[in-house]
Amino acid sequence: MNADEATTVLTPPPVMGLYDAPMWGSIHARKMTLQKCCSCASFRYPPGPTCGECLSMQYEWTTIKGGGEIWSWVVFHRSYLPAYPAPYNVIAVKLEEGPMLISNLDGELPAGSWIGCRVQLNYVNMPDGAVLPRFRLVKE
Ligand SMILES: [Zn+2]
C-alpha cells in the first residue's frame with residue numbers, strides 16, 4: 001500500500017456477472033446503456049441472458065435517457081462502508097425505460113416525502129476514479 005492508497009477511500013467495486021461489463025463500461029463513458037429486448041423492446045436491469053417479459057435471448061445495448069421518478073427512499077444515519085459516511089440517502093428510481101435502479105440523490109434534497117419526485121441521471125466521479133450513476137432532482 002502506498003501513501004495515496006492509505007488516504008483514498010475506495011468505492012466498493014461493482015459485482016461483475018457475465019453481462020455487467022458493457023453496462024459499467026458505458027457508465028464510465030458517461031453514456032449508460034441497458035439491454036433492450038429485440039422482440040418486445042423491454043429494457044433489462046440488472047443485465048442478464050433473457051428478457052424478463054418475453055424470455056427472448058436477443059438484445060441490443062441501448063443508451064438510456066436517464067430520466068425517472070423516485071419510488072422509494074431512505075436516509076441512513078449509520079455508516080456501513082467508508083465510502084458512504086452517514087448520513088447518506090438511497091433511492092429507488094423507476095426509469096422512463098421501465099427498470100428500477102437503486103442509487104443516491106445528490107444536490108438539493110426534497111422537503112417532505114421524496115416519492116414521486118422527478119430525477120435525472122448524473123454521473124459522479126468518486127475520489128478513487130470510479131464513476132457512479134447517481135441522480136439529481138429535476139426542477140419543474
Ligand atoms: Zn422481450
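Visitor: Which domains does the domain assignment of the chain give?
Guide: The assignment gives domain 1 (14–63) and domain 2 (65–140); such bounds come from an automatic or database domain assignment. Residues are numbered from 1 along each chain as its sequence is written. This is a predicted model, in which local features need pLDDT of at least 70 and side-chain atom pairs count only at pLDDT 80 or more, while totals for chains, interfaces and linings use all residues.

Visitor: What distance separates the centres of domain 1 and domain 2?
Guide: The centres, taken over C-alpha atoms, lie 20 Å apart. Domain 1 contributes 9 residues to the contact and domain 2 contributes 9 residues, where contact requires C-beta atoms, placed from the backbone, within 7 Å.

Visitor: Which elements each supply at least two residues of the side of domain 1 that touches domain 2?
Guide: Those are α2 (21–28) and β2 (43–44). Helices (H or I, at least four residues) and strands (E, at least two) are DSSP runs, numbered from the N terminus.

Visitor: Turning to the whole chain, how many helices and strands are there?
Guide: The chain has 2 helices and 9 strands, in the sequence order α-α-β-β-β-β-β-β-β-β-β.

Visitor: And what does the C-alpha trace span along its principal axes?
Guide: The span is about 50 × 45 × 25 Å.

Visitor: How much of the chain counts as buried?
Guide: Of its 140 residues, 17% are buried, meaning that 20 or more other C-beta atoms, placed from the backbone, lie within 10 Å of the residue's own.

How values were computed
Contact = placed C-beta atoms within 7 Å. Buried ≥ 20, exposed ≤ 12 C-beta atoms within 10 Å, placed from the backbone.
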